[in-house]
Amino acid sequence: MITLGIDAGAATTKTVLLIDREIAGYRVSNTAFDFLTAAKDLFSELIAASHIDENQVENIYATGYGRNTIIFANKAISEITAHAKGVYFLFPEVRGIIDVGGQDSKIIIVENGNVTDFLMNDKCAAGTGKFLEYTAKALEVSINDLGVLALSSNHPAAITSMCTVFAESEVISLRARGIAKEDIAAGLVSSIAQRIVVMTKRMGLKESIAFVGGVAKNVGMKVELEKELGIDLFVPFEPQITGALGAALVAQGIWREGPGS
Amino acid sequence: MPTSLSSLDYFRDSYEVRLAQLNEKRRKGTKIVGTFCLFVPDEIIFAAGADRIVLCGGRTDTIHLAEQYLPRNICPLIKSSFGAIVDACCGGNLSCPHIQLVDVVVAEATCDGKKKMYEILPEYVPTYVLDLPQKPESSEAIDYFLAELRKFGGFMEKLTGNVLTDEVLKREIQSSNETRKLLRRLFDLRKLDPPPILGSEILSVMQKQFFLAPDQFRQGISRLCEELENVIPEPRSGRRIMISGCPMAAGNTKMSDIIEQKGGVTVVEESCTGTRSFWDLVDENRNPWDALAERYLEIPCACMTPNDRRVARIVDLAKQYNVDGVVYYTLQFCHAYNIERLRVQQALKKEKIPMLAIESDYGDSDIEQIGVRIDAFLEMIS
């Protein structure tokens with residue numbers, strides 16, 4: 001059975017094509033303004049590269065913030081369920097997931113691929129990819145360089161503001177005081193990591209944790225989280241696709257499903 | 001959406017009827033009391049020959065007016081209510097004109113936000129504050145509250161010029177108990193699986209409780225119960241959800257709406273706009289003042305400490321209504337209910353009842369974000 005999973009995220013769109021239980025291909029791109037266009041484009045690319053016909057795709061499931069706008073999908077499921085299934089497929093031993101995306105961050109507790117509890121951040125950008133994006137801009141570095149830069153710091157600056165807008169001004173005032181770029185970068189990474197660690201501990205998660213979402217690509221973040229939590233994190237080869245992978249897996253009809261939307 | 005229940009039309013039409021009644025009563029000299037909380041006993045107000053409406057605001061459009069006077073980071077119910085009062089008193093037309101029907105506000109010392117707002121209220125409307133003991137289980141609490149209620153009775157006598165006799169008070173207790181029993185009957189119907197009525201339909205009815213006259217409200221509830229008991233309505237299916245937490249004042253149906261749009265069905269609300277208003281009866285066989293003091297101090301509000309009985313009530317309701325999960329709903333910046341979340345979560349976890357905490361205001365900006373959480377929660381408990 002051929003299925004497609006689409007994760008229409010706030011910042012990036014991800015698609016995974018499954019042939020039975022094998023990943024036949026995946027794509028990641030910026031969502032830009034229109035969720036549907038982004039998803040359609042990736043679908044076409046994936047089909048062309050996989051040498052299959054569009055009609056052979058039997059079931060398409062969407063997830064992510066824009067999941068209900070993907071009109072060519074057969075069903076929409078929440079990204080919490082999707083990540084749980086995707087991560088379980090890659091790492092069956094995992095008990096918890098830290099997902100830090102563009103718009104929100106979440107902690108998911110899983111048992112045999114089923115969600116047993118979850119926690120999402122408040123409705124603000126603190127503790128999300130947006131925080132890193134904005135503050136990296138204030139440092140005049142790319143988001144990836146921010147993580148690399150952070151690793152080279154020996155004296156991380158203290159960033160006290162959790163608010164993205166205030167943190168940006170805090171970065172500017174640290175620059176004005178002549179603090180080294182890498183120390184500010186390390187301070188930013190540590191600030192967001194602490195926020196995520198609080199959420200993780202609140203959920204009682206101690207070990208067997210996967211780290212996924214766009215922010216998991218940030219090497220500085222991974223190192224900082226591992227240090228704070230005192231464990232090694234499971235990070236997939238492509239941490240952004242676990243939601244789309246999970247949607248494609250549910251579309252295979254492996255799990256009993258919820259009400260959907 | 002299932003076909004609508006015809007008895008719900010009664011409630012839709014009741015507003016204008018009541019508005020005319022209040023204006024007429026006022027013209028004839030009846031005093032109208034505005035309240036903000038279940039802790040102020042209706043029985044005392046009615047027994048003194050006055051009428052009452054509840055002024056809690058659930059609308060977002062008056063909040064910016066309140067923010068000219070109050071801090072931004074206090075709960076939306078306080079800001080919405082205060083904004084409506086400021087607006088009405090300054091000749092605005094943003095809010096329903098209820099405050100202009102009111103001779104006096106009888107406020108209560110519950111949460112910090114309300115208490116301090118009530119200090120500003122006299123600039124706009126005469127205000128009386130009923131004090132509440134904070135530790136209701138202490139031995140002195142009941143005596144103190146009894147004295148406060150009697151003092152409040154004296155205030156009402158002076159306001160209306162009527163004498164508040166035990167006999168009339170007993171009659172009003174019976175009347176309020178009758179309403180409570182009817183609401184129990186209505187809520188019992190929601191124990192059916194699937195329930196015959198949506199939570200959002202119930203909520204809109206419960207919100208009317210605080211504006212309509214008691215007999216007018218009871219008539220509607222009786223009709224609704226009869227319709228639900230006799231006509232077989234289309235069942236409202238979905239995962240069974242309990243909403244527990246802050247009041248959902250008229251204008252605010254956000255949480256119920258989202259849950260039911262996402263395919264769940266709310267079967268009980270542990271809230272001031274739910275069970276808290278009617279669950280316990282006033283003992284009709286005792287001295288009416290003692291009975292009132294005892295019953296009202298039992299209201300399981302998060303402003304009381306310790307509040308084990310609320311935690312126990314939530315677990316009990318979850319079992320009685322056979323819920324699949326609890327949505328713990330708090331208004332933004334409502335410290336009492338927000339902090340109490342942890343103890344409720346621990347108790348529910350022990351009973352293996354899933355819980356999702358949602359904190360929100362009256363705006364629409366987080367509807368999608370809440371939607372994601374509700375989607376995931378419903379998938380989780382499927």
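Analyst: This is a predicted model. In chain B, strand 5 (residues 239–245) pairs with strand 7, in the parallel sense, over five bridges. Within that part of chain B, Gly245(B) has its bridge partner in strand 7, and the partner is Tyr329(B).

User: Which strand of chain B pairs with strand 7 over six bridges?

Analyst: The pairing is in the parallel sense.

User: Through which helix does the chain cross from strand 7 of chain B to strand 8 of chain B, and what is the hand of the crossover?

Analyst: The path is a β-α-β crossover. Its helical part is helix 13 of chain B, residues 335–350. The hand of this crossover is right-handed.

User: How many of the residues of strand 7 of chain B are buried?

Analyst: Strand 7 of chain B covers residues 325–331. Gly325(B), Val327(B), Tyr329(B) and Leu331(B) point one way, and they are buried. Val326(B), Tyr328(B) and Thr330(B) point the other way and are buried too. The strand is mostly covered, and the count of buried residues is seven of seven.

User: Is Ile367(B) buried, partly exposed or exposed?

Analyst: Ile367(B) sits in helix 14 of chain B, residues 367–380. Buried needs 20 or more other C-beta atoms within 10 Å, and exposed needs 12 or fewer. Ile367(B) has 13 within 10 Å, so it is partly exposed.

User: How far apart in space are Ile367(B) and Lys254(B)?

Analyst: In sequence, Ile367(B) and Lys254(B) are 113 residues apart. In space, C-alpha to C-alpha, the distance between them is 8.1 Å.

User: Now chain A. In what order do the five strands of its open sheet run?

Analyst: The pairing in this sheet is mixed. Strand 1 (residues 2–8) and strand 2 (residues 12–19) of chain A pair in the antiparallel sense over seven bridges. Gly5(A), for one, has Val16(A) in strand 2 as its bridge partner. The strand order is 3-2-1-4-5.

User: Which are the edge strands of that sheet?

Analyst: An edge strand here pairs on one side only. In chain A that holds for residues 22–30 and for residues 75–76. The edge strands are strand 3 and strand 5 of chain A.

User: What distance separates the centres of domain 1 and domain 2 of chain A?

Analyst: Domain 1 of chain A takes in 1–91 + 239–261, and domain 2 takes in 93–235. The centres are taken over C-alpha atoms. The distance between them is 26 Å.

User: Which element gives the most to the side of domain 1 of chain A that touches domain 2 of chain A?

Analyst: The contact takes 17 residues from domain 1 of chain A and 24 residues from domain 2 of chain A. The domain 1 side divides into 10 nonpolar, six polar and one charged. Seven residues of that side come from one element, residues 79–90 of chain A. The element is helix 2 of chain A.

User: Which elements give two or more residues to the side of chain A that touches chain B?

Analyst: Across the chains, 13 residues of chain A are in contact with 14 residues of chain B. The chain A side divides into seven nonpolar, four polar and two charged. The elements asked for are helix 2 and strand 8 (114–120) of chain A.

User: What ipTM and pTM does the model score?

Analyst: For chain B, the mean pLDDT is 94, and 98% of its residues reach 70 or more. For the model, the scores are ipTM 0.88 and pTM 0.92.

Notes
Residues are numbered from 1 along each chain as its sequence is written. Chains are lettered from A and ligands numbered from 1 in the order in which they are written. This is a predicted model: local features need pLDDT of at least 70, side-chain atom pairs count only at pLDDT 80 or more; totals for chains, interfaces and linings use all residues. Domain bounds come from an automatic or database domain assignment. Two residues are in contact if their C-beta atoms, placed from the backbone, lie within 7 Å. Helices (H or I, at least four residues) and strands (E, at least two) are DSSP runs, numbered from the N terminus. Ala, Val, Leu, Ile, Met, Phe, Trp, Tyr, Cys and Pro count as nonpolar, Asp, Glu, Lys and Arg as charged, and the others, Gly among them, as polar. Two strands pair if DSSP finds at least two bridges between them. A crossover is right-handed if, with the strands pointing away from the viewer, the path from the first strand over the helix to the second runs clockwise. pLDDT is the predictor's confidence in each residue, from 0 to 100.
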